[in-house]
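Subject: Structure for you to look at

Hello,

Here is the structure I promised to pass on. Please open it next to this message. My notes follow below.

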Amino acid sequence: MNRQIFLHVGFAKCGSTSLQAALSSATGVLYPTSGRHNGEHLSFALGIRGIDNWTSQFFDQSWVDTENARLMQEIHAGTGVAVMSSERLAASTQEEIERIADVLSRFDVRIIIVKRELESYIKSTWRHSVFFHDFAEGYEVFVERFKDFTFDEIEDRFRAIFPLHSFNLDAPNYGEEIGALLGTKLNIPIQNVGVPMALAELLQKTHALLGTEEFKKRFDAETKQSMLDVWNGTTERLIQALDADLF
């Protein structure tokens, strides 16, 4: 009987960071340390989908190959339920999903997909796009881009090859359901809660007013992060009081 592996493939903005943190500390679960970057099994995802231009600034094929070899060794040597995770895999083509099946042909692979209520997903994705990728269009335009989006197409693509377990992040017993599937208790923390809608709206409107070139000069990643820190109350800024008469 082939060893069972659960492969969590996303979606993005659906609690992946929190789930990965919980898996890292769960008892009776092998969540390999090899091939990981910021909690996800990045080397496996890059081995399946290739290295995009942005990621190539930080990782090369040699790193991918070396870490994937270590990853497979760790899984073979380990005990307990094995789980890998990378939300990058949610966008896999049919050919890439078949590649997953080929690479993991010695295992009994089960897919885990976490989704959420569609409106919450779109809002979270827009806020993320505005803050991290300088998306300049308003939320209404973004919603229009997503008018034909459903989770079903991607789920069906994976389900055609693998058994699939789908979970709703917004369900009150979400963590218990995944833990039951894996035979463990998951303590899922609240992490990476996202960018507040009001801050995203402020940045998007400022971007539209200044234009992209000027906006990028004034609002680099460090500046935006400092604004988010102040917004969340983790740091403070000195505000100079007006000491002149207004009238």
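Lys13 sits in the loop between E1 and H1. Its phi is near 60°, a positive value in a residue other than glycine. The relative accessible area of Lys13 is 15%, so the residue counts as buried. Keep in mind that this is a predicted model.

A cis peptide bond joins Gly10 to Phe11, with omega at about 15°. Why flag these spots? Most residues other than glycine have a negative phi, and most peptide bonds are trans.

Asn38 is another case of backbone geometry to check. Its phi is positive, about 55°, although Asn38 is not a glycine. Asn38 belongs to the loop between E2 and helix H2 (42-49). Is Asn38 buried or exposed? Its relative accessibility is 68%, over the 50% cut-off, so Asn38 counts as exposed.

Now the overall picture.

- The chain contains 11 helices and five strands.
- Its C-alpha trace spans about 85 × 35 × 35 Å along the principal axes.
- Of its 247 residues, 40% count as buried.
- Take the contacts in the chain with a separation of 6 or more: 77% of them come from residues 24 or more positions apart.

Strand E1 (residues 3-8) runs parallel to strand E4 (residues 107-115), and six bridges join them. Arg3 has Phe107 as its bridge partner in E4. Ile5 stands opposite Val109 in E4. On to the next pair: E4 and E5 are also parallel, and five bridges link them. There, Ile111 has Leu164 of E5 as its bridge partner.

Which residues does Leu164 touch, not counting residues up to four places away in sequence? They are Ile111, Ile113, Glu155, Phe158 and Arg159. Leu164 and Arg110 are 54 residues apart in sequence, yet their C-alpha atoms are 5.9 Å apart in space.

Then look at Ser86. This residue is in the loop between strand E3 (81-85) and helix H4 (94-103). Ser86 has 1% relative accessibility and therefore counts as buried. Leave aside its neighbours within four places in sequence, and Ser86 is in contact with His8, Val9, Gly10, Glu40, His41 and Ala45. Gly10 in that list is the residue joined to Phe11 by the cis peptide bond.

Last, a helix pair. Helix H5 (residues 118-133) packs with helix H9 (residues 197-210) at an angle of about 45°, and their axes are 9 Å apart. How are the two oriented? H5 and H9 are therefore oblique to each other. Their crossing is left-handed. On the H5 side, the contact is made by Trp126, Arg127, Val130 and Phe131. On the H9 side, Met197, Leu199, Ala200, Glu201, Leu203 and Gln204 take part. By class, this contact of H5 with H9 has seven nonpolar, one polar and two charged residues.

Check the cis bond between Gly10 and Phe11. Check the positive phi of Lys13 and that of Asn38.

Best regards

Key. Residues numbered from 1 in each chain as written. Predicted model: local features only at pLDDT ≥ 70, side-chain atom pairs only at ≥ 80, totals over all residues. Heavy atoms only, no water. Pairing = 2+ DSSP bridges. Helix = DSSP H or I, 4+ residues; strand = E, 2+ residues; numbered from the N terminus. Axes fitted to C-alpha atoms, helices over the stretch in contact; angles between N-to-C directions. Parallel < 35°, antiparallel > 145°, perpendicular 65-115°, else oblique. Left-handed = near helix turned anticlockwise from the far one by under 90°. Contact = heavy atoms within 4.5 Å. Nonpolar A, V, L, I, M, F, W, Y, C, P; charged D, E, K, R; others polar. Buried < 20%, exposed > 50% of the residue type's maximum accessible area, 1.4 Å probe, protein only.
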